[in-house]
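Here is a set of questions and answers for reading a protein model.

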Amino acid sequence: MPDVFTTEQRSLVMAGIRSKGNKETELRMMALLKANGITGWRRHWPLLGKPDFVFRKERVVIFVDGCFWHGCPQHGRRPGQNREYWDAKMLRNKKRDRDVTRELRKRGWKVLRVWAHDLTRARRARCLAKIRRSLETQATSNAPILGFGHLTADTVLALPPPPSVRHARLGR
Ligand SMILES: [Zn+2]
């Protein structure tokens, strides 16, 4: 059967699906944090790898990954067609995720990667406990190194926020 999409069209379609899938997971995570009184996070703070949630003070980031596109071992599936294309795409995604994690860790960030399936009713308590633990551990381990008042834009952020984002943040 012929492929109805060009490569470019297909990647656009995919980007749409991907962002939609991630958006729902992100909103679920946001609700979970709020419901449990966990504060101090920003969404989409401009940082290497574009983490979904950034706790700047504790230096903890959370990526919420859709099971499908990031190749969760339980739910990552390959579409029947264009196997090679999808396999390559999936491998690239996973490699990029790994590289980002490694680089952020080098810079003192604790990186949490949460699958969409971690936020189900049955599993989210465990996920929450992990987040809490990370925040506590990081708060403790950061204190003697950075102290108070030494968190500069330089040490906290890998990249300065683009003007549009900065403006939007200030406007809130
Ligand atoms: Zn999954």
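## Burial, core and helix

Q: Is Trp45 buried or exposed in this predicted model?
A: A residue is buried if 20 or more other C-beta atoms lie within 10 Å of its own. Trp45 has 20 C-beta neighbours inside 10 Å, so Trp45 counts as buried.

Q: Which residues does Trp45 touch, not counting residues up to four places away in sequence?
A: Trp45 sits in the loop between β1 (41–43) and β2 (53–55). Its C-alpha atom is separated by 8.9 Å from that of Arg56, 11 residues apart along the chain. With residues up to four places away in sequence not counted, Trp45 touches Val54 and Arg56.

Q: How many Å apart in space are Gln74 and His117, C-alpha to C-alpha?
A: Gln74 touches Cys67 and His117, leaving out residues up to four places away in sequence. Along the sequence, Gln74 and His117 are 43 residues apart. From C-alpha to C-alpha, the distance is 9.0 Å.

Q: With which residues is Ile62 in contact, leaving aside its neighbours within four places in sequence?
A: Ile62 is among the residues with the most contacts inside the largest nonpolar core. Leaving aside neighbours within four places in sequence, its contacts are Met29, Pro51, Asp52, Phe53, Leu112, Val114 and Ile131.

Q: How far apart are the end C-alpha atoms of helix α2?
A: Helix α2 covers residues 83–106, which is 24 residues. At 1.5 Å a residue, the helix should span 34 Å. The computed distance agrees with this, as the end C-alpha atoms are 35 Å apart.

Q: How many of the 24 residues of α2 are buried?
A: Across the protein chain of 172 residues, 20% count as buried. Helix α2 is hardly covered, and its count of buried residues is 1.

How values were computed. Residues numbered from 1 in each chain as written. Predicted model: local features only at pLDDT ≥ 70, side-chain atom pairs only at ≥ 80, totals over all residues. Helix = DSSP H or I, 4+ residues; strand = E, 2+ residues; numbered from the N terminus. Buried ≥ 20, exposed ≤ 12 C-beta atoms within 10 Å, placed from the backbone. Contact = placed C-beta atoms within 7 Å. Core = buried A, V, L, I, M, F, W, Y, C linked by C-beta atoms within 7 Å. Expected span 1.5 Å × (residues − 1).
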